[in-house]
Amino acid sequence: MADIVGEVWRIAEECGFSHIGELMVDTIKLRIEARQGCEVNKCGHYGKSWSCPPACGTLEDCDARLRKYKRGLLLQSTGQMEDSFDYEAIEGTSRKHGECFDILRNRLHENYRDVFLIGGVCRQCGKCSYPDAPCRFPEKTSYSMEGLGMIVSEVCKDNNIPYYYGPNTITFIGAVLLD
Ligand code: SF4
């Protein structure tokens, strides 16, 4: 059987991510500090989605879900800014990263039954059903690295993939767990 990580790496390249690296799940440490960052709610998604804290579960719950997998890919989208206030470039890179993930999700959903998508807060539905009704598409839900409890820079470092690509660059990072 062909190696799933190699297959999905090729698919991810076609989806348009700028950098891809292999992710070993046993390197991932979930940290309470990441959760505390979520609770500040700078992103505005805390308590608004099944895919974010507190609905995505405790760190122990998340750890148990991640440990079902051994390997995956780190997926990055890097954009160039004119300066650190170039919000247009930041938003554009974020949007492109989300679009790459949407394409990846659809392609993986066609061919692979059991993948765990960590592409940021789930955007499957116009409005998440949380907390009034169950998740509509649990097999397609995406989670955020921070929401699961990961310190993104640490995960990159522990898997030998850069987190920072130089002055006036912005990088959005996600992952997919595969086997
Ligand atoms: S699939 Fe829909 S209901 Fe489920 S987490 Fe995503 S946005 Fe919410």
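Buried is taken here to mean under 20% relative accessible area and exposed over 50%, with partly exposed in between (1.4 Å probe, protein chains only). By that scale Asn-168 is partly exposed, because its relative accessible area is 33%. The model is a predicted one, in which local features need pLDDT of at least 70 and side-chain atom pairs count only at pLDDT 80 or more, whereas totals for chains, interfaces and linings use all residues. Residues are numbered from 1 along each chain as its sequence is written, and side-chain values use heavy atoms, with hydrogens and water left out.

Asn-160 counts as exposed, because its relative accessibility is 73%.

Two further backbone features are cis peptide bonds. One joins Pro-53 and Pro-54, with omega about -5 degrees, and Pro-54 is placed in the loop between helix H2 (32–40) and helix H3 (59–66). Another runs from Tyr-130 to Pro-131, with omega near -5 degrees, and Pro-131 is found in the loop between strand S3 (116–118) and helix H5 (145–148).

Turning to charged side chains, a salt bridge is defined as a side-chain nitrogen of Lys or Arg within 4 Å of a carboxyl oxygen of Asp or Glu, and by this rule the count comes to nine. In one of them Glu-22 pairs with Arg-71, the closest N and O atoms being 3.8 Å apart. This pair links distant parts of the chain, with Glu-22 in strand S1 and Arg-71 in strand S2 (residues 71–80), 49 residues apart. Glu-22 counts as partly exposed, because its relative accessibility is 32%.

Arg-71 also forms a salt bridge with Asp-179, where the closest N and O atoms are 2.8 Å apart. Here too distant parts of the chain are linked, Arg-71 being in strand S2 and Asp-179 in the segment after S4, 108 residues apart. Through shared partners, salt bridges join Asp-3, Glu-22, Arg-71 and Asp-179 into one network. Elsewhere in the list of pairs, the side chains of Arg-67 and Asp-63 meet in a salt bridge (2.8 Å, N to O); Arg-67 is partly exposed at 36% relative accessibility, and Asp-63 is partly exposed at 26%.

Strand S1 (residues 19–24) also contains Met-24, which counts as partly exposed at 32% relative accessibility. Leaving aside residues up to four places away in sequence, Met-24 touches Lys-70, Arg-71 and Asn-159, where contact means heavy atoms within 4.5 Å.

A negative surface patch is formed by Glu-82, Asp-83, Glu-88 and Glu-91. Such patches are made of residues with over 30% relative accessible area and no salt bridge, like charges being joined within 9 Å, and Asp and Glu count as negative.

Key: Patch = residues over 30% accessible without salt bridge, like charges linked within 9 Å, V, L, I, M, F, W, Y side chains within 5 Å. Areas by Shrake-Rupley, 256 points an atom, 1.4 Å probe, with all protein chains shown as cover. Charge placed at Lys NZ, Arg CZ, Asp CG, Glu CD. Helix = DSSP H or I, 4+ residues; strand = E, 2+ residues; numbered from the N terminus.
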